[in-house]
Amino acid sequence: MDLRHRSQHSHPSPRPRPRRGSNALAAAVAAVLVGAAALAGCVPIQPVATGVTHSDDLGTPVGDQPVRQGGHLVMGLSAEPDRLDPTTSTSLYTRYVMSSICEKLYDLDATGSIVPQLATGLPTISPDGLTVTFGVRTGIRFADGTPFDAPAVRASLQRHLSLKTSARRTEMGPLTSIDAPDAGRVVLHFKQPFAPITAALADRAGMIMSPAALVAEGANFGDHPVCVGPFKFAGRVAQTSIDLVRDPLYYDAGQVHLDAITYRIMPDTVARAANLRSGDIQVANEISTQDVDALARDRHLHVLQSGSLGYWAVTINIGNADGAGTPPKPIDSPLARDPRVRQAFADTIDRTTLVATVFNNWFEPACSPIEPGTPYASPASTACPPYDPARSRALLAEAGVPIPLKVAIQVTNTQDQLRYAQALQASVAEGGFDLTIVPVEYATLLDVQKRGSFALLLLGWSGRIDPYGNTSAFLASRAAANYGGYSSPELDALLTEASRSTDTAARAQLYGRATQVIQRDNPIVYTYRLRVLTVHSTQLAGIEVYSDGVVRLARAAFRADLRTGPEG
Amino acid sequence: MGRYLFHRLWQSAVTLALASVVVFAGVRALPGDPALAMAGEEADPEALAALRAQLGLDRPLPVQYLKFLAQALTGDLGRSTRTGIPVTQMIGTTLPVTVQLAVYAMIIAVLAGTAGGVLASVYRGRWPEWLANGFALAALSVPTFWLGILAVVYLAVQLGWFPASGYVSPLRDPLRAVYYLTLPATILGIAHAAVVQRQTRSSMVDALASDYVRTARAKGLGRAAVVFRYGLRNSLIVVTTVVGLQLGGLIAGAVVTERIFGLPGIGKLTLDSVFTRDYPVLQAVVLVITGSYIVINLLVDVLYTVIDPRIRVSGRTL
């Protein structure tokens, strides 16, 4: 595999044209040899032009632009959402659809700050941190015409706690009870202080469902979700599409321009790019870094990009012998036993070159779970240890392990991940590791991860607004998603303290210290952070994508000064 | 005839029952846990256990199988674990799409294949035959997914002749339905056209060399009449058999074609349910496909007895 940067921007220097005949044969032989060597995984990574930075373009609201009222927007969605039920949903893609039909108590704004949506202001937290109070809008209605009020909020939050299959319970923290003293006020009572609650209410846990629909549909609420939102659910064809129509009852209907939105499921990246160009869809998410340069040059299309709250990382199995969440047991491998070997592995990942070669520089290197753009970032939590293969070899020698150290990494069998794994293989070979790539299909990899039948495992995490959701679940001792079986009382204490503190600066400092522990013990080696790449037709205005990665379509419109789309 | 039919029905029922066991076991032999695939990475153990119980995965396999069988016999195929949509509804919306695609592709394959085969046999050893054979070789060798992507890039995106994806129901707009299906059906039909063409060509060559054709020619019949009335008509019997055999290949090919063109068919449903370990959907889909094969086979066999009475005799000896 040729790992050299093949960006569209690079211009090869002019070279004399080779003569036909023997030179061509030599070139062919060389190509075969290079190919064979690449297959054997021993081509070193070539130096590349790095430092290409991409600035965020989150889109802009419609504002004063001349727009047409009405129109039918079609978005190509990269994966099928799961149940459209805020309590049980675990799919990132469900958020996209829900953002148009289900408003939340809080939302993010373009700067990544939490702002009230169905709530009337940010919550007030009692001095002991155990009581959280917030006001909610009154006089507005759900899509089924029933009134929205504090008891409705209580019903939704209570369902997150009590429904057996709820996926929201951990996000709600040590919440014990919910009160609605009047129609416009909700009070949450906690066993311990829990700072991440506001961020949780700016995500799926904060989507408020119509109590009447909950009674009528019960566990099947997701078949016909009813919330407060600019659009309402109209129908769904499995594996194909989800249709929404404008909700005339929405409290801010004046800001809604489109008549209908269809989310069409299109998992194939090539198909999404082709459909954007042909005009069959007007918006598409998760554009491949292989396609984005070409799409960016198309004058009918516009690329939106934002940083991501999530990360991709290599989890090292330190103590997961009987499955995640069970007491860790020692695992007999140099990587599990000796922190120096893990340090050596972390030191020999050339993160900058890897994102440059594999992702044409569209993604960014990552060394910690804390996203640099958030208020919880600090110099300590964003520090990145330098790429140092010599130090890596020295550490391996010090630990007394044979060089090269043979180790297998399990990765998802997607094209991007296999390319990344191959580049990683070449990178860590420099530092004395002989990496074997084991491609595994995604659902199987989840199982492997849970059971602990891996040495190294590369997977991504979509990210949460609050750093709690990006750290504790994966690193706290015996947490459900602590797949590496890592356990450190020091880190546990820091993470617990960070989740209880309500002071952002103090939390940032604590997460900085936590990062230092993580980078010392290396239970998870963070590799890169993707950028959320969304492309839309220039016929549209008002499409926005914030750092939570959700494409916000609800207030978009077709521009009045341009030809309309085929569905327009 | 009645006894033969009863015999074949009984055989089909046994085959279907065996198929249901194989499908059930096969789906469960897949690595990965549907509850985990559904609950996601950060699944809390309590929710995971509740999900397993809800899906019935905590029960012994034979119990799960019997429950599945009992439900299936009453027409209840359960709900998708991922989306919660009833499986019968999912099959009801996806199966007609695949059937339309397969039938359209087969029409294209038969028309193009027969035309090519007739040309190749009539102009044996001359350029039309080379052209037709070259087409057949290329069509058989080029993978459908590559051809599909090329078609999308050039015919849909650059030239804009066809839509790049999507589906319109013929009940809503028959013309647009045909327009939307033309490109996928052509791509799917091309490889099958090649098979039909080769088959037509070889049986036409045999037919045209036969005594009755020579007699027809000797009696002064026109060339077209000889080729179509005597040659093609007799070759079509073989072609029909090939078309029947190809139907299975069409469904398999539809998985890829549906994915490329974003068609909401049963092939796409099968693939997606494998990836999400959606047991109820996967079981039902594979069972429906198996069932339709058995039904088609049964129909073909029964039709044979109508066409050829000798088969009834052999039916008695079975």
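Biologist: Is the crossing of helix 9 of chain A and helix 12 of chain A left-handed or right-handed?
Modeller: This is a predicted model. In it, helix 9 covers residues 339-347 of chain A and helix 12 covers residues 389-399 of chain A. Their crossing is left-handed.

Biologist: Which residues of helix 9 and helix 12 of chain A make the contact?
Modeller: Helix 9 of chain A brings A:Arg340, A:Val341, A:Gln343, A:Ala344 and A:Asp347. Helix 12 of chain A answers with A:Arg391, A:Ser392, A:Leu395, A:Leu396, A:Glu398 and A:Ala399.

Biologist: How do the residues of that contact between helix 9 and helix 12 of chain A divide into nonpolar, polar and charged?
Modeller: Two residues of the contact are polar. Four are charged, and five are nonpolar.

Biologist: Are helix 9 and helix 12 of chain A roughly parallel or roughly antiparallel to each other?
Modeller: Their axes come within 8 Å and cross at roughly 165°. Angles over 145 degrees count as roughly antiparallel. The two helices of chain A are therefore roughly antiparallel.

Biologist: How many helices and strands does chain A have, and what share of chain A is buried?
Modeller: Chain A has 17 helices and 26 strands. Take contacts in chain A between residues at least 6 apart in sequence: 70% join residues at least 24 apart. Of the 568 residues in chain A, the buried share is 53%.

Biologist: How many helices and strands does chain B have?
Modeller: Read along the sequence, chain B runs α-α-α-α-α-α-α-α-α-α-α-α-α. The count is 13 helices and zero strands.

Biologist: What does the C-alpha trace of chain B span along its principal axes?
Modeller: Chain B has 318 residues, and 40% of them count as buried. For contacts in chain B with a separation of 6 or more, residues 24 or more positions apart account for 71%. The C-alpha trace spans about 85 × 60 × 35 Å.

Biologist: Which elements of chain B give two or more residues to the side that touches chain A?
Modeller: In the contact between the chains, 44 residues of chain B meet 39 residues of chain A. The elements of chain B that give two or more residues are helix 2 (34-39), helix 3 (45-55), helix 5 (87-122), helix 7 (144-158), helix 10 (223-260) and helix 11 (266-275).

Biologist: How many nonpolar residues are on the side of chain B that touches chain A?
Modeller: Sort that side of chain B by class.

Terms used:
Residues numbered from 1 in each chain as written. Chains lettered and ligands numbered in written order. Predicted model: local features only at pLDDT ≥ 70, side-chain atom pairs only at ≥ 80, totals over all residues. Axes fitted to C-alpha atoms, helices over the stretch in contact; angles between N-to-C directions. Helix = DSSP H or I, 4+ residues; strand = E, 2+ residues; numbered from the N terminus. Parallel < 35°, antiparallel > 145°, perpendicular 65-115°, else oblique. Left-handed = near helix turned anticlockwise from the far one by under 90°. Contact = placed C-beta atoms within 7 Å. Nonpolar A, V, L, I, M, F, W, Y, C, P; charged D, E, K, R; others polar. Buried ≥ 20, exposed ≤ 12 C-beta atoms within 10 Å, placed from the backbone.
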